[in-house]
Amino acid sequence: MKKFNTIDQKEILAASLTVQEAADNHSALSGYIGSSSFGGTWCTILGAAWRETFGFKHAVAVNSGTSGLLAACMAVGVEYGDEVIVSPYTMSATAAAPKVLGAKIIFADIEPETFTIDPVEVSNAITPKTKAVIATNLFGHPAHLRELRDICDNRGVYLIEDNAQAIFAKEDGVYTGTIGHIGVFSLNVHKHLQVGEGGVCVTNNPDLAKKLRQAMNHGEMRGGILGLNLRMTEVTAAMAYEQLQKAPEIMARRRHIAQMITSYMIGLPITTPVVRPGCEHSYYCWAGLLDQPARGPLPEPFRAGYMKPLWFLDAFRGTGSRPAGNIAEEIENRIALVEICSIDPTDEEIIQMVEKLGRVL
């Protein structure tokens, strides 16, 4: 079975020409010059294309999705003593970004159908110390974003979307990543659009956009917040632009694979991925729920489990209590995954892999 890889001559040529131009003209491959520039030619082009594609006023390119989460937390003012609410069922970077800034991580449990953070749990967890909620659009399905945004707006709290897994997903016709105060996208090697490493932050708020740029560019602006070097290179931006042009084809193929897997699951003891009414799934992963926990390994490319809830990691022990009900652990014990953005099977291979799973189950 082939691995998923959409890098071809277009990205190779864009990267090569960018390096050649830098060599010929002695120009910087980063394009950033102190406080006077926020990226070179390709970072500027990528930002404009991202704004046009997703309908946002500001797009800030960064060197990874993790850096984007850190920049977002810095932009909204997360600091020592603040509380930041996150799902326990997400990649560690979601909680690590606010934690390294000194925030106390508060875990709000997930809901059992799409495995995203539960708005009721979030509302109950907000206190006067809460600075932000980070909602992960897990596996490519939208969290309850509009409901979460309303809760946050009513309580004076920022909503940051970790949209690393859900590019081009939608809730009620609106792209994920564009409903929170800041949305963070990833261009990591195993995402839908991939350039090795990279990310983009979006916002409609000019003050937050300014602070995002300060956060990723050493804070080198008058009156700026502290910042780091979280900048995207010109080579990465050139490749990312080419990937964005391929997005319709990439997304159609990922959705086809996931939907075909679902169609052949009839009769097996597994609940296929739920898509909430009004939502569009982008299928970073196909995530089904076994009727009973797996008693052993599942046949590749299926796997049992995603990752243990974050409170099991040493870095987060004692930082946030387990929510009452503890749905995250129950889901982890029964979930069966296929990483759709890691494989590129033929239709025949999809049938074969589901048949193998059926025999094991």
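These legends go with close-up views of a predicted model. Local features are described at pLDDT of at least 70, side-chain atom pairs count only at pLDDT 80 or more, and totals for chains, interfaces and linings use all residues. Residues are numbered from 1 along each chain as its sequence is written, and side-chain values use heavy atoms, with hydrogens and water left out.

**View A. Helix H2 from end to end.** Helix H2 covers residues 41-54; helices here are DSSP runs (H or I, at least four residues), strands are E runs of at least two, and both are numbered from the N terminus. The expected span is 1.5 Å times one less than the number of residues, so 14 residues should give 20 Å, in agreement with the 20 Å between the end C-alpha atoms. Just after H2, look for Gly 55, with a positive phi of about 70°.

**View B. The buried side of H2.** Buried residues (under 20% relative accessible area, 1.4 Å probe, protein chains only) of H2 include Trp 42, Leu 46, Trp 50 and Phe 54.

**View C. Cysteines without a partner.** With a disulfide defined as a pair of cysteine sulfur atoms within 2.5 Å, the count is zero. Cys 201 has its closest cysteine sulfur in Cys 73, at 9.9 Å, too far for a bond. Cys 285 is in no disulfide either, with the sulfur of Cys 341 7.5 Å away. Cys 201 is buried at 0% relative accessible area, and Cys 285 is buried at 2%.

Terms used:
Buried < 20%, exposed > 50% of the residue type's maximum accessible area, 1.4 Å probe, protein only.
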